Amino acid sequence: MGEIYKTDALIAEDITAYLDSHQHKTMLRFITCGSVDDGKSTLIGRLLYDSKMIFEDQLATLEADSKRMGTQGEAIDFALLVDGLAAEREQGITIDVAYRFFATEKRKFIVADTPGHEQYTRNMVTGASTADLAVILIDARKGVLTQTRRHSYLAHLLGIRHLVLAVNKMDLVGYDRAVFDQIVTAYRAFADSIGIAGFTPIPLSGLAGDNITSRSAAMPWYDGPVLLEHLERVELDQTADQGKPFRMPVQWVNRPNLDFRGFAGTITSGSICTGEDIRVLPSGKTTKIARIVALGGDLERAVAGQAVTLCFEDEIDCSRGQVITAAQSPVEVADQFEASIIWMDEDTLVPGRAYWLKLGAQTVSATVAQPKYQINVNTMEHLAAKTLDLNAIGVATITTDRDIPFAPYTDSRDLGGFILIDKMTNRTVGAGLIHFALRRAQNIHWQATDISRDHHAAMKNQKPMVLWLTGLSGSGKSTIANLVEKKLARMNRHTFLLDGDNVRHGLNKDLGFTDADRVENIRRVGEVAKLMADAGLIVITAFISPFRSEREMVRAMLQPGEFVEVFIDTPLEEAEARDVKGLYAKARAGQLRNFTGIDSPYEAPETPHIRIDTTMISAQEAAEMIVSKLIP
């Protein structure tokens with residue numbers, strides 16, 4: 001029995017030692033990318049197979065699947081290890097991003113197999129956003145293709161410093177060195193043109209296993225590293241980040257009891273020690289680090305990549321989304337930036353529309369201006385653009401609703417990269433990389449005044465508000481709005497009426513009726529209405545304002561409770577039958593484009609404060625109903 005216990009103890013020690021060594025291995029995240037059918041999935045499958053990372057049951061399933069639906073006859077089709085979707089296996093292509101974990105004696109890896117088709121570029125961007133290295137595959141028979149250039153540009157744009165040029169399928173060109181050299185020369189010319197400092201070219205065959213994990217006898221002329229050897233040796237970004245200034249976005253305020261208050265997050269760069277001075281942004285408050293709390297206990301020093309909880313010596317305000325930095329080298333704070341934007345949604349970018357911008361742990365409302373230019377990835381030309389379509393890449397100005405701490409993406413992926421989220425659908429519609437803050441964002445400050453908005457309202461003896469009438473053309477908005485203002489004037493209320501047609505004679509006469517112009521139209525009117533509300537007025541507006549997101553944008557500009565949405569609910573057929581201005585007839589005849597209800601959508605309010613059915617009551621009765629609800 002004693003021998004059994006001793007054996008069990010030795011086994012337990014071996015397991016503990018193995019887990020301990022595995023825990024302290026570094027982790028490399030990398031992607032495979034390139035054009036369609038360059039062999040990305042096969043390469044990863046081969047890498048997993050040769051690294052002995054496939055279990056017996058997985059191998060048996062792979063062999064059975066290879067015979068049933070593989071592309072290699074009776075041989076193993078390694079691509080099936082990562083092509084998991086039915087559509088991928090049927091077509092022999094990659095559609096979604098497939099992640100696989102494997103490990104060697106020296107390092108752990110997470111590889112993302114990204115699709116080669118242009119229509120799935122957004123999937124490639126998703127995989128590349130967290131990668132330290134990109135393996136760019138080229139079919140030796142085809143050379144550098146359009147998608148090779150596109151993926152290389154995206155990898156460079158997304159800050160991937162380490163690139164491997166994997167010239168695949170060398171077996172199909174007889175392992176010819178001249179073919180390899182020609183491809184490397186062509187790729188180097190392209191890489192130099194877009195600013196790629198360097199790359200590691202490797203000739204290989206994913207199917208035959210040449211230069212994947214061991215040196216190929218078929219290519220004695222190649223004396224560089226094999227793929228796995230290079231992956232095990234390359235320097236990680238995390239190591240380089242430790243030499244940069246200290247940065248830690250706050251992900252959570254840790255307050256388990258009255259005696260403990262700490263700020264949890266992952267250190268993105270630099271290092272921190274107890275007693276060091278720090279600054280919290282955007283507030284700019286400073287203090288010292290009292291404790292560094294980690295999973296295993298308190299630390300004297302923490303470095304980039306570690307998840308810790310920091311405790312301050314002083315009780316200063318700090319919350320989720322704020323950034324803790326070294327006191328003497330803080331990041332910038334601004335509300336306007338120039339950024340590269342990769343559009344990832346079927347619906348095009350609407351300049352001026354408010355989107356959620358998520359940068360690290362902070363989420364703010366932001367608008368995107370009309371792009372300065374769009375980039376032709378094939379030629380690197382800067383093209384004029386009014387918007388961005390799916391997979392388009394452009395440069396534009398971003399404006400947020402408040403100052404946020406940031407760093408240029410070239411300095412920090414964590415503090416310079418963001419995503420854009422549609423406020424109505426919660427879809428991620430774009431990814432962005434901050435270049436720099438605009439100078440006007442730093443030089444223009446809010447001027448405080450002594451007479452407050454409350455004082456203006458008190459002088460008029462009324463509560464300021466914006467009465468927002470929305471509905472189709474011909475629904476009766478302007479008529480009802482005019483009657484409401486007359487009734488309020490008779491009650492000695494201070495009002496102003498903003499009408500959709502009237503503002504287009506002056507303030508908005510430069511705008512048309514495209515989606516982008518409609519958004520800008522409402523944004524300008526919203527800003528004017530806000531100023532009037534600040535002056536203590538009751539503002540009445542009559543605008544089609546077809547999009548919910550823009551009505552929500554105006555609501556967000558005002559104080560809580562000041563935005564009153566009135567839906568003038570008139571069915572399209574009724575509004576078209578009225579057609580007082582003859583606009584519906586022109587739209588039906590094709591003489592008037594982008595007309596709401598005909599060839600441009602109207603998004604009805606889901607929960608308006610007041611709903612008026614003009615088929616049931618007159619304009620006079622509608623005005624009385626609105627006034628009675630506003631001023632009982």
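The structure is a predicted model, in which local features need pLDDT of at least 70, side-chain atom pairs count only at pLDDT 80 or more, and totals for chains, interfaces and linings use all residues. Residues are numbered from 1 along each chain as its sequence is written, and side-chain values use heavy atoms, with hydrogens and water left out. The chain has 19 helices and 29 strands; helices (H or I, at least four residues) and strands (E, at least two) are DSSP runs, numbered from the N terminus. Of its 632 residues, 50% count as buried, where buried means under 20% relative accessible area, exposed over 50% and partly exposed in between, with a 1.4 Å probe and protein chains only. Among contacts (heavy atoms within 4.5 Å) with a separation of 6 or more, 71% come from residues 24 or more positions apart.

- An open sheet of mixed pairing is formed by six strands in the order 2-3-1-4-5-6; two strands pair if DSSP finds at least two bridges between them.
- The edges are strand 2 (98-103) and strand 6 (200-203), each of which has a single partner strand, so one side of each is left without a neighbour in the sheet.
- From one strand to the next, the twist averages 25 degrees; axes are lines fitted to C-alpha atoms, for helices over the stretch in contact, and angles run from 0 to 180 degrees between N-to-C directions.
- Strand 5 (residues 162-168) and strand 6 run parallel and are joined by four bridges.
- Within strand 6, Pro 203 is the bridge partner of Val 167.

- The axes of helix 5 and helix 6 come within 10 Å and cross at roughly 35 degrees.
- This crossing of helix 5 and helix 6 is right-handed; a crossing is right-handed if the near helix is turned clockwise from the far one by less than a right angle, and left-handed if anticlockwise.
- At this crossing, Thr 121, Met 124 and Val 125 of helix 5 meet Gln 147, Arg 150, His 151, Leu 154 and Ala 155 of helix 6.

- Five strands in the order 26-27-25-28-29 form an open sheet with parallel pairing.
- Strand 26 (495-499) and strand 29 (610-613) lie at the edges with a single partner strand each, so one side of each is left without a neighbour in the sheet.
- On average, neighbouring strands of this sheet are turned by 15 degrees against each other, direction ignored.
- Strand 25 (residues 465-470) pairs with strand 28 (residues 563-569) in the parallel sense over five bridges; Leu 467 has Val 564 as its bridge partner in strand 28, and Val 466 stands opposite Phe 563.
- Helix 13 (residues 477-490) packs on the sheet, touching strand 25, strand 26, strand 27 (538-542), strand 28 and strand 29, and its direction makes about 165 degrees with that of strand 27.
- Helix 16 (residues 548-557) packs on the sheet through strand 25 and strand 28, its direction making about 155 degrees with that of strand 28.
- Strand 25 and strand 27 also pair in the parallel sense over five bridges, with Leu 469 opposite Ala 542.
- Six of the six residues of strand 25 are buried: Met 465, Leu 467 and Leu 469 on one side, and Val 466, Trp 468 and Thr 470 on the other.

**Nonpolar cores**

- The largest nonpolar core has 66 residues, and those with the most contacts inside it are Phe 30, Ile 31, Val 135, Leu 163 and Tyr 187; a nonpolar core is a set of buried Ala, Val, Leu, Ile, Met, Phe, Trp, Tyr and Cys residues joined through side-chain atoms within 4.5 Å.
- Helix 7 (residues 177-194) gives the most to this core, with eight residues.
- Not counting residues up to four places away in sequence, Tyr 187 touches residues including Ile 136, Val 144, Leu 165 and Phe 199.
- A second, separate core of 31 residues includes Ala 339, Leu 388, Phe 406 and Ile 434.

**Cysteines**

- The structure holds zero disulfides, a disulfide being a pair of cysteine sulfur atoms within 2.5 Å.
- Cys 33 is buried, with a relative accessible area of 0%, whereas Cys 273 is partly exposed at 22%.
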